[in-house]
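Here are my notes on chain B, in the order I would look at things. Please have the structure open as you read.

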Amino acid sequence: MILLSPTKCQGCRICEAACGFHHTGHKAFEPSKSSTHISRDNDTAVINMSIDSTCDLCAGEEIPLCVKYCAYGARGVRR
Amino acid sequence: MKPHGYGGKVLRVDLTEGKLCEESTEKYFDWVGGRGINEWILFNELPVEAKPLEPENIFTIGVGPLVGTLSPFCSRVSIDTKNAFTKGVGSANCGGHFGAEMKYAGYDNLVFKGKSPEPVYLWLHEGKAELRDASELWGKTTWDTERTIRDRENDNEVRVIGIGPAGENKVRSACVISDRAKAAGGSGVGAVMGSKNLKAVAARGSLPISVAEPERFIKAVDAARAKIETFPKAKLYRKDGYYGVESYYGSAAWEAGFRPVRNGQDGYWDPEKIKKVAGDTIKPYRKKILACYGCPVGCMPWMDVPEGPYKIKGEGWWNNSSNSFCTRVDCDNPEAAIKAHLLTNQLGLDGDNASVVIAWAFEAYEKGLLTKKNTDGLELTWGNHDAVLALLEKLAYREGFGDFLADGVKAAAEKLGGDSMDYAIHIKGQDSVDGIRISKGWGFGVVTSPAAGRHLRGALHSFSPDVFRSWDNVPYKVHMQEQFKGILDMTGTCLYNNGLLSWETEITPKSAEYIAELASSLTGLDLNYEKFTRIGRKLHNIEKAMNTLHGGFSRKDDYPPKRYWEEPIKSGPYKGEHIDHQEWEKALNEYYRLHGWDPETGLQTREGLETLDLGVVADRLVAAGALK
């Protein structure tokens, strides 16, 4: 499973881009294909992270791309 | 099929008629994207006689191909128009999350002409565009505008870029705010947007941005990301934000004169005051660091003043905040300064521009040219942070004395008279926030910037005293930085965090190599660093020509404000530091020579332009009598 740490997340959403890239077979950046979603409350700066059932733990990738590209240590993986 | 790496469309909006039409971005690929496409359209379509705040002006918003991808530091939005201060090049730039969303909605550039009869906002959604009624939004702050649009769409992920009351009231220092906190400031871009009755652009999309050569692109991304991690500052920025890292007490940045003191009367501030607002001491108010879209080095803090008269919370506090709301007006109350910064975001005021005219008023008050009778009863004494806060509100709403200040420092000094023009800090007519006497490359870049007195073109960003005090090779370095900044703005790359890769090293054409590799593998366009650098140089020449045609600028306009030209730094470790007139003249000669411009007039030459295949620009200049 993908492990999430919302307090470490700075809300850049690169995980969404990376996830969509995986699901398009490395063809495109496509947010609607992303299994993970980041939202930020602009009144409080509280960040919510979620993953839906379409996550396949990046089958075929060396490590899940959302984990690879997160620069903030907000994501991990237990396979 | 839409081109790789792009949203795919340029949207043209006739606000007068309420008509929209689209064209393929491919038509403009010679200019890559973002500022490149914006400026080329402006050069060709903006009438010289157009007044900045009249319907004939054109207002453009553009994002580059790297935005919305895995490419690091790529969130930037470029806003380009006719400058509301100078009539020349108007250009502003911001990060945030709007740019990526605009691309996912299917658009690369937006071109607004005319003026809407009623307030409107543009809604971009899944490849479609629509003008919508904004009467309910008019009068709202940028924060409330975002809330209202999100509520209307019942979608918290809608991204909004727009103006606050300052833009609506056509205040020259009005900016455009993205995502509540990211300011595209300078050039009066907010005032231009307001003059068109355009309150905001809101975007939501999930359309794909395809990649031409995925394997090669990912290799380039991974190489750039690995390089970023070799810089220790990357980790520090993520932890303490840009200001926390670069403006701690004792850092050279405080002594480099970047932050003029008391309207530039000095360039050095009392250390006891610095201690109260320095990067490390302001830490208790900094609750979190937030990142722009896709950025691996978040740098913008979430600030929280939990109680008291300056209670406020929100995203934003930048290096220049301590210039605008601290040194420039001699205020050392951190809570009032944080409030001032967040208030400018809400009102849609550019803190850089607004603080210049406010500090000028403080000095005129000190010298007796202004009294409480002129200032609606406000005591404009140095250190009076409550007066600063009151003036920001008055400025944004053009209320009372605020209206007197609202057209910028040059216009205000012309009205007030006396010797007040001597300390009106403007360049080419635009209020200029930058201290330029100690850091030579910074100053030379600020003064020669086509965007008039702004530090986001050729200004050299160095915090090393050995570098920033020296005139050594300044014209060449500024020239290189200008080209490089053009490449960043065409692709949508952030200057500040990209600085991790470049600030303490000399910029050369090869500095663009990694960006060229990213852009080329993403888009499939044939771009290497040499071609890219050439386009960057062409872009700078387009802007130079626009300043000649629209602003009438020449060599005489490439000099510092009178105060900085004549008065040295008065105290501190760099006491006596001044701008050497001979060095300046020498640097100008060399700078024009490097550009292929005429050193005598500072104007472009046909030979120089034809070297860049810009004969068409030369023809326009000849027709206007600006080229022999």
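1. Let's begin with a hairpin: β1(B) and β2(B) form one with 4 residues between them, and Gly18(B) in the turn has a positive phi of about 70 degrees. The two strands, residues 9-14 and 19-24, run antiparallel and are joined by 6 bridges. Val10(B) stands opposite Glu23(B). Strands here are DSSP E runs of at least two residues, helices H or I runs of at least four, numbered from the N terminus; strands pair if DSSP finds at least two bridges between them.

2. A word on the source: this is a predicted model, where local features need pLDDT of at least 70 and side-chain atom pairs count only at pLDDT 80 or more, while totals for chains, interfaces and linings use all residues. Residues are numbered from 1 along each chain as its sequence is written, with chains lettered from A and ligands numbered from 1 in the order in which they are written.

3. β1(B) also pairs with β6(B) (residues 107-113), in the parallel sense over 6 bridges. Val13(B) has Phe112(B) as its bridge partner there.

4. Next, look at β12(B), residues 198-204: 7 of its 7 residues are buried (20 or more other C-beta atoms, placed from the backbone, within 10 Å of a residue's own), so the strand is largely enclosed by the rest of the structure.

5. Which strands does β12(B) pair with? β7(B) (residues 120-125) pairs with it in the parallel sense over 6 bridges, and Val120(B) has Leu198(B) as bridge partner. β9(B) (residues 159-162) pairs with β12(B) in the antiparallel sense over 4 bridges, with Ile161(B) partnered by Val201(B).

Terms used
Buried ≥ 20, exposed ≤ 12 C-beta atoms within 10 Å, placed from the backbone.
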